[in-house]
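Please examine the sequence and the three-dimensional structure shown here before reading further. The explanation below is meant to be followed with both in view.

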Amino acid sequence: MVMLDDLALARTALAPGAAEHLGRLASAWRPLADLSFADLVLLAPIAGEEGSRFVVLAQVRPVTGQTSYPQDLVGEVVDSAARPLVARCWQIGRAHV
C-alpha cells in the first residue's frame, strides 16, 4: 500500500506539513464517508507540471454502502482532460468554478 507521505514527497511540491494535514483529513473523513455514503479523493498537482496533471494521494470510501470509485485510485495520475474541474480550480486558486 502506498503511503500518502511517500507519494506526496516523491511526486508533488507540497509545503512542509501539508502531507500530514491531508493524512489527518483522510482519517477524519472515514466516519463521514460511512454516514453520508460520500467518497473522498485527494489530488495534488505533480511538481513542475503547472497543474496539468495530478496524482491521487488518498482515497476514502464508505464501508457501509456504495462507493463512487470501487477501484483503488491512490497513486494514479490523472490529467486535466480527465478531471477538468480539478484543473480549473487549481488554475483559479479556489474551490468554486
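The model is a predicted one.

We begin with the helices. Two packed helices are described by the angle between their axes and the distance between the axes. Helix H1 covers residues 4-11 and helix H2 covers residues 18-36; their axes come within 9 Å and cross at roughly 140 degrees. Angles over 145 degrees would count as roughly antiparallel, and 65 to 115 as roughly perpendicular; H1 and H2 are therefore oblique to each other. Their crossing is right-handed. On the side of H1, the contact is made by Leu4, Asp5 and Ala8, while H2 contributes Ala19, Glu20, Leu22 and Gly23.

Most residues other than glycine have a negative phi.

Finally, we turn to the second largest pocket, which contains about 220 Å³ of space. Which elements each supply at least two residues of its lining? They are strand S1 (40-45), strand S2 (53-60) and helix H3 (84-92). Among the lining residues are Leu43, Ala44, Phe54, Leu57, Val86 and Trp90. Leu22, named above in the contact of H1 with H2, also belongs to the lining of this pocket. The lining divides into 11 nonpolar residues, no polar residues and 1 charged residue. Arginine counts as charged, and Arg94 is one of the lining residues.

Methods
Residues numbered from 1 in each chain as written. Predicted model: local features only at pLDDT ≥ 70, side-chain atom pairs only at ≥ 80, totals over all residues. Heavy atoms only, no water. 1 Å grid on protein atoms, 1.4 Å probe; cavity = no way out; pocket = protein on both sides within 12 Å on 5 of 7 lines; lining within 4 Å. Points joined across faces, edges and corners; volume = space filled by probe spheres on them. Helix = DSSP H or I, 4+ residues; strand = E, 2+ residues; numbered from the N terminus. Axes fitted to C-alpha atoms, helices over the stretch in contact; angles between N-to-C directions. Parallel < 35°, antiparallel > 145°, perpendicular 65-115°, else oblique. Left-handed = near helix turned anticlockwise from the far one by under 90°. Contact = heavy atoms within 4.5 Å.
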